[in-house]
Amino acid sequence: MDRFLTADDLAKSLRADVREGLTAVPKTLPPKWFYDERGSELFEEITALDEYYPTRREREILTARAPDIAAATGARTLLELGAGSGEKTRLLLDALSGTLRTYIPVDVSADFLEDAARGIAADHPGLAVRPVAADYEQHLHLLPGGERTLVAFLGGTIGNMPPAARIGFLGGLRAVLGDDGFLLLGADLVKDPGRLVRAYDDAAGITAEFDKNVLRVLNRELDADFDPSAFEHVAHWNAAEEWIEMRLRSRRDQDVRIGGLDLDVPFAAGEEMRTEISAKFRRERLESELGAAGLALAEFWTDPAGDFSLSLARP
Ligand code: AVJ
């Protein structure tokens, strides 16, 4: 396995993110820290909720379009960013089996990658599986490219990046693709705000648990003393930016101690800390942002209901 990221690097970036985010006004935390073991389990539960449509919709599109993706790309290498999507990966690997030689899953979790890579290698004899432990927001320029590379970035995770970071990120992807590569990008679409809010604030409270899990991560990793029950989960549709914001709202005045940072953080009653943005797109915006990064839209597919999109783009 190639490792561009060690446990020590991760610990350092968590510390830097938390110090910066909790001393900012308003307070923020980056969504990447949701995903410890419990957080990843909770996200899996979210994907099965009635209200959370993106995973099902993207799967519908992939199932219908996998043969088109294979025909258009003739990919020899599949490089998957944030390789958490086992079922979608299998759909792609099966469709691409005629031309594909190498599969490169990229994830921050080396343990997770090791298991996933072993399973895929066992199911696909003849396929070289080369996992890379990396943070794709930092290490894009280090990722192996190669001939006819298809980079897959699925699930709508692009929406977690603020617009400025997104543009830089797409430019970095363009460089990984060389001249004969393709990008397969999953992106959620703008729709009725009521449905969007319900997707991020489900009736069973799973998303609320997922949101508060980041506090447990800080308690464990940074010796903090957050009381998760002293915060309330909020999903807010920001109509001007066209993104969902998840926030944790303090139920009372309270001081939180972050022992590992020697930091005391005061929260006022009702104060909200932003824990995630999840941007929703229109085709025009995707096309123009891809264009600004030197990528042209070759295909733009949606599910029949028009909820979610898959873009196939090339230099
Ligand atoms: C996995 C990042 C795409 O933004 O919809 C799900 C994460 N957050 N429910 C998303 C998430 C709240 C999800 N992504």
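Predicted model: local features only at pLDDT ≥ 70, side-chain atom pairs only at ≥ 80, totals over all residues.

Residues are numbered from 1 along each chain as its sequence is written.

**Helix pairs**

Two packed helices are described by the angle between their axes and the distance between the axes. Axes are lines fitted to C-alpha atoms, for helices over the stretch in contact, and angles run from 0 to 180 degrees between N-to-C directions. Helices (H or I, at least four residues) and strands (E, at least two) are DSSP runs, numbered from the N terminus.

| Helix pair | Axis angle | Axis distance |
|---|---|---|
| H2 (residues 37-47) and H8 (residues 206-222) | roughly 160° | within 9 Å |
| H3 (residues 54-73) and H4 (residues 86-95) | about 20° | 9 Å |
| H6 (residues 163-177) and H9 (residues 283-292) | about 55° | 8 Å |

That angle makes H6 oblique to H9. H2 and H8 are therefore roughly antiparallel, and H3 and H4 are therefore roughly parallel. The cut-offs: angles under 35 degrees count as roughly parallel, over 145 as roughly antiparallel, 65 to 115 as roughly perpendicular and the rest as oblique.

Next comes handedness. A crossing is left-handed if the near helix is turned anticlockwise from the far one by less than a right angle, and right-handed if clockwise. H2 crosses H8 in the left-handed sense. The crossing of H3 and H4 is right-handed, and H6 also crosses H9 in a right-handed way.

Which residues in H6 meet H9? They are Arg166, Ile167 and Leu170, and they face Glu289, Leu290 and Ala292 in H9. Residues are in contact if their C-beta atoms, placed from the backbone, lie within 7 Å. By class, the contact of H6 with H9 has 4 nonpolar, no polar and 2 charged residues. Here Ala, Val, Leu, Ile, Met, Phe, Trp, Tyr, Cys and Pro count as nonpolar, Asp, Glu, Lys and Arg as charged, and the others, Gly among them, as polar.

The contact of H2 with H8 has 5 nonpolar, 3 polar and 3 charged residues.

**The sheet**

An open sheet has 3 strands in the order S8-S9-S12, with antiparallel pairing. Strands S8 (231-238) and S12 (272-279) stand at the edges with a single partner each, so one side of each has no neighbour in the sheet. The twist averages 20° from one strand to the next. Strands pair if DSSP finds at least two bridges between them. S8 and S9 (residues 243-250) are joined by 8 bridges. H8 lies across S8, S9 and S12, at about 115° to S8.

**The ligand shell**

Around the ligand are Ile46, Pro54, Gly155, Gly156, Thr157, Gly159, Asn160, Tyr200, Thr207, Glu276 and Ser278. Each has its C-beta atom, placed from the backbone, within 6 Å of the ligand. The shell divides into 3 nonpolar, 7 polar and 1 charged.

**Backbone details**

Most residues other than glycine have a negative phi, and most peptide bonds are trans. Glu242 has a positive phi of about 55°, in the loop between S8 and S9. A cis peptide bond, with omega about -10°, joins Val25 and Pro26. Pro26 sits in the loop between H1 (7-22) and H2.

Technical notes. Contact = placed C-beta atoms within 7 Å.
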